[in-house]
Amino acid sequence: MEKIITEGIIKSYLNDFLKNIEVDVVIAGAGPSGIVCGYYLGKNGIKTVIFERHLKVGGGMPGGGMMFNRIIVQEEAMDIIKEFKIKYKKYEKYYVLDAIETISGLTYRTIREGVKIFNLISVEDVVIRENRVNGVVINWTSTQIAKFHVDPLAIISKYVVDATGHDCEICKVVEKKVGGISVKGERSMWAEKGEREIVENTKEVYPGLIVCGMAANAFFGSERMGAVFGGMFLSGKKAAEIIIENKK
Ligand code: 48F
């Protein structure tokens, strides 16, 4: 029995992994923006893989606001929530959603659109070719935590989406090692302004590199917004639309 368990797990994992070493899009981060981006890419037949540093998916969602695991969504993003068939309750002019149900609903439907999510793997660098980002460099998160010197592996892609949240990690790597871009860093909380600017900030910031979610606001120096998530979902969708449009 034990041998079959081991063999089944490793063969299945490696089979999926090998199918994803060359893809159309790599998304770094399985938070709200990254998952929604993956969903719309998958739905449009674009081969997409998500690498998530953590043991869990969902980024900042499970913590809700200060561990009260509810999130707020505005009217503008409710079409996305309805498409995922996630339940909601109206509260004043906004909607309140159960954070865990939201993560589960988003993740399930995204995977069903053919997007693979590999958790416990961090994107630590990009693959670069003639002034274009051409993939990512990955390693086990546990290796990074242990600070072991273990050389990474590379995944080739036409686009990389930085959905790493507040730290805007992939853009910072490009800023430091490639040059040509500059990450301004996020500003203190101003929910309305941050939400207003996030979709506009969702852009291709370097050839082949698209920034979405909180990383987009960090890139352009916009404000953070706390446990309101409409902008994250809309930003993920816009990042997918940019790629879909560019591929036509
Ligand atoms: O932080 P996160 O949820 O980013 P987001 O999609 O959403 C932001 C909201 O959660 C919230 C907010 C709402 O107004 O401001 O904070 O922009 O998800 C980012 C995910 O990326 C993972 C990280 O573990 C998290 O799950 N991540 C970060 N760096 C890396 C990474 C990396 N280098 N490689 C892989 N995953």
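Start with the charged side chains: the structure holds 14 salt bridges, each a side-chain nitrogen of Lys or Arg within 4 Å of a carboxyl oxygen of Asp or Glu. This is a predicted model, where local features need pLDDT of at least 70, side-chain atom pairs count only at pLDDT 80 or more, and totals for chains, interfaces and linings use all residues. Residues are numbered from 1 along each chain as its sequence is written, and side-chain values use heavy atoms, leaving out hydrogens and water.

Select Arg224 and Glu186. Their side chains form a salt bridge, 3.8 Å from N to O. The pair links distant parts of the chain, 38 residues apart. Arg224 sits in the loop between helix H8 (214-220) and helix H9 (230-247). Glu186 is in the loop between helix H6 (169-177) and helix H7 (191-201). Helices here are DSSP runs of H or I with at least four residues; strands are E runs of at least two.

The ligand is surrounded by 25 residues; the closest are Ser33, Glu52, His166, Met214 and Gly226. By class, the shell has 10 nonpolar, 12 polar and 3 charged residues, with Gly counted as polar.

Next, show polar contacts (N or O pairs within 3.5 Å). On His166, a polar side-chain atom lies 2.7 Å from a ligand oxygen. At Met214, a polar backbone atom is 2.7 Å from an oxygen atom of the ligand. At Val123, a polar backbone atom is 2.9 Å from a ligand nitrogen. The protein covers 92% of the 730 Å² of accessible area that the ligand has on its own (Shrake-Rupley, 1.4 Å probe).

Finally, colour by element. Helix H2 (32-43), strand S2 (48-52) and strand S7 (121-129) each give two or more residues to the shell around the ligand. Which element gives the most to this shell? S7, with 3 residues.

How values were computed. Near = heavy atom within 4 Å. Polar contact = N/O pair within 3.5 Å; in protein donor to acceptor, adjacent residues only side chain to side chain.
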